[in-house]
Every structure is written in C-alpha cells, then in structure tokens.
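Hi,

Here is the model I promised to pass on.

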Amino acid sequence: MELEQVLQFLCFLVLFFISFFMLRSKLWYCNCEICHAYVTSCWSLKFDNLCDWYAHLLRDSPTKTIHIHVLRNTITANPENVEYMLKTRFENYPKGKPFSAILGDFLGQGIFNVDGHSWRFQRKMASLELDRHSVRSFAFEIVSHEIEHRLIPLLSSFSSSHDGGGSVLDLQDVFKRFSFDSICKFSFGLDPMCLELSLPLSKFAVAFDMASQLSAKRAMTASPLIWKIKRIFNLGSEKQLKESINMIDLLAKEVIARKRETGFSTQKDLLSRFMRSVEDETYLRDIVISFLLAGRDTVASALTSFFWLMGTHPAAASAVRVEADRVLGPNQGLKNFEQMHELHYLQAAIYESMRLFPPIQFDSKFCAQDDVLPDGTSVRKGTRVTYHPYAMGRIQDIWGSDCMEFKPERWLKDSVFFTEDPFKYPVFQPGLRVCLGKEMALMEMKTVALSLLRRFSIHPVTHELSRVPRFSPGLTATFSDGLPVLVRERKTQPSCS
Ligand code: HEM
C-alpha cells in the first residue's frame, strides 16, 4: 500500500469514530419528518432538485420559514425576515467563520469572504471605482469586443457546419468561457482566451475552475471536520485544491509583478486601480480573486437560464427583437450602454428569468447573538440562517397564482419597467451588502441577449422541453446536463452588436 492510501485509510477511521460518537451523543440526530427526509435523501423520490424540495416545504410553512435541525440551519422565504437579516439587523448576521473557513484558502481576505473592518474598507474602495463612468464604459467595451470578435463568430461557425444544417453546441459552456474572459479582462487586464475553442484552456482558467469546484465541495461534506482532516494530511480533493490555489497565486504574482514593471497608473482594469492605493501583494490578489468568483459563474448561470427560457417561450424572444428594432432601429446595434435603459421589455425578461432561476439559489449567514425574526422564529447564536431566492420566486403569496409561469409582463406598467420590493426578490442580495456587480451583470446580459437573439435562432435540443432543468450542486446554479442548442443564422440582422 502506498503512503497516501495508508493516510486515506487512517483518515477514514478517524472520521468513522468521530461520526459514531457524534451520533451517539445525538449531536447530529433528529428524527423529525424534514430531517429524516434530508438524512435519507428520500426527498429525491419526489423532487428533481434539493431547491425544489425546500421550495415545497417553504410554501407549505405558515411562516415561510423551516428548520433543518441536523444542519442547525433555519431557512426562510419570508421577505420581512430577509429584510431583517440583510438590513435591519445586518450586524447580527455576518457571513461568519464557518463560511470564511470554507472559502478562506481560495479567497483569502477578499471582499466576498470577510466581515467587519476589512469588508467595509474593500467595499468602500470597490464602490468608488465601480461607480465611475469610465469603469462602466470600460466594461461595455470589453463585453462588446468579446461578443463581436469571439461569441458571434463561434455561433456562426456552429450554425454553418454540416452544410448549413448546424451542429449542437453547449451554450452553458460557451457562456462560462465568455464570462470568464470578460471578468478576467475587467479585473486583471488579462485575457485567458477561453472562447478561442481552437486553443487549449489556459492554466489559469483550469486552476480557477478546479479551486471553485473543490471549495464548493467542502461546503457539501457532512461535517467540516472531514475536509479539515483531509487538508491536514494533504489528501485527495484537498491536495488538488492546494495545487490549484498555488497555481492561481503564482499567476496572480506574475501579473502584479508585470504591472509594477510596465506601470499601472493609467491602466483601466480593477487590479491596476486597486494597486494605486494598496501595496500588499497578497491582499491585492485576494481582492481581485473575489471579483472573479463573484462575476464569472453568476453571469454564465443567468445567461444559460435566460436562453433556455427564450428557447421555450418563442413569443418572448420575438418581443425582445421587436422592441430592439423599434428602439435601436432595424439592422442597428447598440451604440452605447445608455441606450439599454430604453429597452424595458428586455429588462423585464431578464428580471423575470432570474426570479425563476436566480444564479445564487440560496445564501447563508450565521447568527451572532440569540435573536427573534419578524415572523416569530427564534434563532440561537451560531445558527446558520439562509434566505432562499429560488423558493421565493415560486411562492404564490409573494408573486400570485401564476408564480410558476414565465411572464416578463409582470414587471411592466404601461410598457415601462418597474422594480418590486427588493426583499421579495433578493437575487442580488439587497441591503447593506448588495452585489457590487449588479449593473455590470445586467449590462453584460442585455448586450449578449440582444446580439444573439437578433442574429440567431437558438433552439434547445433537450428531449423534454417542458421538464424543469436539473441542477448540479455548487455555489452557483448550473444545469447538470448543460444547455445543448442548435443555432441558425436569421435572415435580418443588426449591423453590429
Ligand atoms: C447575474 C449576475 C450576478 C448575480 C445574480 C449576483 C448576485 C450576488 C449576490 C447574491 C451576492 C451576495 C453574496 C454573498 O454575500 O454571499 C453578490 C455579491 C457580490 N457580487 Fe454579485 N452577482 C452577479 C454578478 C456580479 C458581477 C458581474 C460582479 C463583478 C463585477 C459581482 C461582484 C460582486 C461582489 C464583489 C460581491 C460582494 C459584495 C460584498 O460582499 O459586499 N457580481 N452578488
């Protein structure tokens, strides 16, 4: 037996005994109906996804709050509770140590992973930068360039393959590559060229993917002890995670060193901007890696479900095209990002798609001091409290009896887009820690949606179009079978993006 196998076996024995004693001491034990269904996974007999089961339980709960005792987790879909934890008593619901520990090796002290002073400092610095007009224009330039020079040529090549009959393309994979290229250029000034399918994926993209997947895997272990012991012995997934993080650190150091050599005072990417006020190399690396994680899979996920809904609701896709022709002119593309504010139906369709398919399906905080939520639920110090945008989008009391239908019109009054109470729709985490990339994400989605819908007809080729998609477990919602589509060029097209 090799040393690694011996260590794995010892690790297994340690975990077995820890689990045995915890069960005996009833630390993990609860036999209520919900906990029993959770522990035995028998919910999966009736539901495709864990989130669908939670949505069902939350819908049935009079307070719209439930407890998974074995996980010490309170889950809520009650807008008043959501407002309370994200705004009114924000200080009592930090991310907390358990979350920071899971992502700590990967994200370090980056904004996504810290509370208190460090969070406030980065938040202030990042908000100042992101609010600048020049940063928005820079992001728009990057996205438009990526669409025109990579995304459209790629889809065109698939549409004309097989003598014009087209071949199947996984749109989810394409959007992941697209959003990684865009967010890397925006954050680092680095082009990983993931959408160039003829090139092998860059080392950075591979390492980043691996590190985010393996960090998410930590969150799924029955107890943090499991991954912590594997980390001590440098075994299996923890060994892989360490290697990926080392690779990311090395590349980040290289980029920072190159910027110091060539000068960063006039460069527009976020790293160069932060380098003007922060010296510490590790801190700089951490800040930018958080942006990469926050802005990559979320946008890809939002685009994937949007195009799935457009494919299954052709009338809505056609309404987006009609509006674009009216506002921008037939055969005319977007000239600047201000023009997007006039596209009300498109904005409504994007909001509606994220109501049903929020990229972050649920998000947790840890209660710092004993408390009582507005619906009367008591929460003890140390309890994980989760708000659940996925379930909230599917609750009649919040969205009405047609809540399961995709209806962009629900966001329009006299054809003008209006926003709902943000705590009913916590897709971008309203309150004091609202997503910093919301405007950039909406710009990215609208630009891609317009460019692709006007130029191509895109048909999902799944056999059962009416079925709900299945999701893979992870930090962000991902269709487990991807989004296979057939693409055809349309006859009338805009002249540019
Ligand atoms: C449709 C796309 C997006 C959605 C749905 C989304 C949603 C969210 C949510 C729910 C959070 C809170 C996470 C938490 O605290 O646990 C968050 C935070 C954050 N997002 Fe986004 N996001 C999107 C795109 C982006 C993009 C493109 C960027 C980067 C430019 C970005 C940057 C951030 C940052 C920096 C935070 C941390 C804010 C803080 O902790 O103060 N997001 N986002």
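This is a predicted model: local features need pLDDT of at least 70, side-chain atom pairs count only at pLDDT 80 or more; totals for chains, interfaces and linings use all residues.

Does Ser202 count as buried, exposed or partly exposed, and why? Ser202 counts as partly exposed because 19 C-beta neighbours lie inside 10 Å (buried takes 20 or more other C-beta atoms within 10 Å, exposed 12 or fewer, partly exposed is in between, with C-beta atoms placed from the backbone).

Residues are numbered from 1 along each chain as its sequence is written.

Back to Ser202: you'll find Ser202 in the loop between helix 8 (171–188) and helix 9 (203–219) (helices are DSSP runs of H or I with at least four residues, strands are E runs of at least two, both numbered from the N terminus). Leaving out residues up to four places away in sequence, Ser202 touches Pro192, Met193 and Cys194 (contact is C-beta atoms, placed from the backbone, within 7 Å). Pro192 sits 10 residues away along the chain, with 5.8 Å between the two C-alpha atoms.

Now the strands. Strand 1 (residues 65–68) runs antiparallel to strand 2 (residues 73–76), joined by 4 bridges (pairing takes at least two DSSP bridges), and Ile68 faces Asn73 across the pair. In their hairpin, with 4 residues between the strands, Arg72 has a positive phi near 50°. Strand 2 also pairs with strand 7 (residues 384–387), parallel this time, over 4 bridges, with Thr76 opposite Tyr387.

Cheers

How values were computed: Two residues are in contact if their C-beta atoms, placed from the backbone, lie within 7 Å.
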